[in-house]
Amino acid sequence: MTDARRFSSRRRPNLAPWLFISPWILGFFLFTLGPMVFSLVMSLYDWPVVGDRRFVGLDNYRVMLTQDPKFWQSLGVTVKFAAIFVPLNILLSFLLAILLNVKVRGTALFRTAFYLPSIISGVALVMIWKWIYSKDYGLLNYALSLMGVDGPNWLGDPHWSILAIIIASLWGLGGTMLILLAGLQSIPKELYEAARVSGVPAWAQTVYITIPMLSPMLLFTFVTSLISAFQQLTIALLLTKGGPLNSTYFFAMYIYDNAFKFHDMGYAAAMSWVMFLIILILSMAVLKYSAAWVHYEGDVKGGGNG
Amino acid sequence: MAELRVTGLWKAFGAVEVLKGIDLHLPDGAFVSFLGPSGCGKSTLLRCIAGLEDLTEGAIHMGDRDITQLPSARRDIAMVFQNYALYPHMTVRKNMAFGLALNGMPRAEIDRRVALAAETLRIADLLDRKPRQLSGGQRQRVAIGRAITRQPQLFLLDEPLSNLDASLRVTMRAELAALHDRLGVTMVYVTHDQVEAMTLSDLVVVLDKGRVAQVGRPLELFHRPANLFVAGFIGSPQMNLLPASVIRQSADDITLALHGATLTIPTAGHDPIAAPAVTLGIRPDRLEIAPDGDLSGTIRLAERLGTENHLHIDLEGGGSVTCITDGTHPARARDRVRLRIPPADAHVFDGRGNALPRRLDPATQALITDTNRPADPA
């Protein structure tokens, strides 16, 4: 009986496990790998939305890198945004997480309040900011006028527009903050008590205990912030539409325009792949050079008595 | 070097009172254990002494210094935590040097102290490892080493051995005792394990629900428990406690009736007891099976452990006792036996649970006061 069952199961491949994982497999092929391969193929074509498509090889990439100043300009705007947004996002999230980790009355209320923007729809958020930034009726310039400052034209002045978008983007740092807060709470409190007994000052506890213990979360938020910075589209699209003078014309917006305004799907696909490669290379670089400063708690466990 | 004095210490967390008026005097250089069941407040008391918890009321003095309001770092103490609290991202050397370096100690002095501690604890070859590469016992040594490098006047150890396996615990226990002898500083040791407290300590502080139940040398707690709590807590299996009533009493003995038997128990002089209801205590190993015994009962369960048997006996007239006999004793479950209570071994507790002073033979009395340390050759 036992032998017979073993024999038959060897003959007939067992389908059940494959059926159980099939929803994921199908989803992966249909909605992740499929579109990626399709867009890669697309990027090698002159692919208008209507009309005949034509194979052009690497022409899209060549034109992009050598003949399209707008590509470089939009990439520049994006890099500038990322360079300011990513460090600010992590620094502010970190400081906020430390504040919210303090046990005082009403902590839960503050935590909710700071996370709230993250659950509001992006469009609603932008509508609020549009009003805040408005030159003549805006809340921000009104607040500044109370202090005797004549506020700038936030969304109309190319010097201020990118800053306006960075500030609006930082409004959504609740997610990053939450990850860091969870990280802070997982640090054993005895480490701080041991430090207190040894006379380690508070600043040194933050620098030598908190930050190293938090480094895996800091790395994770660094990479995800970097990715979201490069993909920035919604806020700029709705708040400034890339203006004024293309000062907020992000890379992702140029891709969007190529695809849906200029109907050049092939070119847009090629640009998407360039963005993908940039994010991939940056992320890999971050992960590679993080080994020196990231300490993984998981490594500590194990060992045991003996 | 300094003695530690705790006076009128109260500690409440919100409405929950954890410590309710602790008065203690820990002599200089002593090894003192705080012993008690979980929730008795022993760790909180240690943390109050460490300065990790603020007192609700009371004062702590070290020598002549009032340290009640001093921050931990300036109390001249070192603490070893139950889960070691090693910084996982630092090497063993860095773990030990970290606090010293941030207090501006010169590099050469730090190196000297780390080397000395590493040698003392035999961890010199581990200095460049991270805690994750160490076994539990090694981590414990590093945690103790970190405390030693501070060269404190007072060591505080919060259940330092409870995360180790049984055999390692025995080894580390002996090492701790040796370390205390070598350093000669006061050590305060929190534990719920009476074996650790009994074997290591010069003085044991037994805590019960936030109050000091008794302070004494280990054998003093065993032979002269001050109250029912200590009598029940110290010794394993537990002391048998039986309700009894006073028939008559003189200045130095008391006659009790229990289960139809009459027992006259010598005391070391006691004030007359008003209420007749008292409790008689007898340790399981002192209870004797004898044909002319005072009590009779039936063996419910006989646990044979090899060297000894633990007999659980239901008494006629209610209640049950545990009796330890020699491992070769033939007693079996459902046997009827008679039990004798040697009067000199009995403890008597009054209606409030306080012990009447026992009259002890000179040999036991000598044992109680013996420090259990090798004789000083000088």
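Tutor: In this predicted model, the C-alpha centres of domain 1 and domain 2 of chain B lie 38 Å apart. Domain 1 of chain B covers residues 4–228, and domain 2 of chain B covers residues 237–360. Where they touch, 6 residues of domain 1 of chain B are in contact with 9 residues of domain 2 of chain B. Sorted by class, the domain 1 side of that meeting has 3 nonpolar, 2 polar and 1 charged residues.

The C-alpha trace of chain B spans about 75 × 50 × 45 Å along its principal axes, and the chain contains 9 helices and 20 strands. Of the 378 residues in chain B, 41% are buried. Among contacts in chain B with a separation of 6 or more, 64% are between residues 24 or more positions apart.

The largest nonpolar core has 160 residues, and Leu156(B) and Val188(B) have the most contacts inside it. Its largest share, 11 residues, comes from helix α4 (residues 69–101) of chain A. Both domains of chain B take part as well: at least three residues of this core come from each of domain 1 (4–228) and domain 2 (237–360).

Leu46(B), Ile49(B) and Ala50(B) are among the buried residues of α1(B). That helix, residues 42–50 of chain B, is mostly covered, with 8 of its 9 residues buried. The buried set also includes Lys42(B), Ser43(B) and Thr44(B). After α1(B) comes Gly51(B), with a positive phi near 85°.

Chain A has a mean pLDDT of 86, and 93% of its residues reach 70 or more. Within chain A, helix α10 (residues 189–197) has the highest confidence, at 93, while helix α15 (residues 297–300) has the lowest, at a mean of 50. Over residues 299–306 of chain A the pLDDT is below 50, although this stretch has 18 contacts in the model beyond near neighbours in sequence. Where pLDDT is low, predicted coordinates should not be read in detail.

Definitions and conventions. Residues are numbered from 1 along each chain as its sequence is written. Chains are lettered from A and ligands numbered from 1 in the order in which they are written. This is a predicted model: local features need pLDDT of at least 70, side-chain atom pairs count only at pLDDT 80 or more; totals for chains, interfaces and linings use all residues. A residue is buried if 20 or more other C-beta atoms lie within 10 Å of its own, exposed if 12 or fewer, and partly exposed in between; C-beta atoms are placed from the backbone. Helices (H or I, at least four residues) and strands (E, at least two) are DSSP runs, numbered from the N terminus. Two residues are in contact if their C-beta atoms, placed from the backbone, lie within 7 Å. A nonpolar core is a set of buried Ala, Val, Leu, Ile, Met, Phe, Trp, Tyr and Cys residues joined through C-beta atoms within 7 Å. Domain bounds come from an automatic or database domain assignment. pLDDT is the predictor's confidence in each residue, from 0 to 100. Ala, Val, Leu, Ile, Met, Phe, Trp, Tyr, Cys and Pro count as nonpolar, Asp, Glu, Lys and Arg as charged, and the others, Gly among them, as polar.
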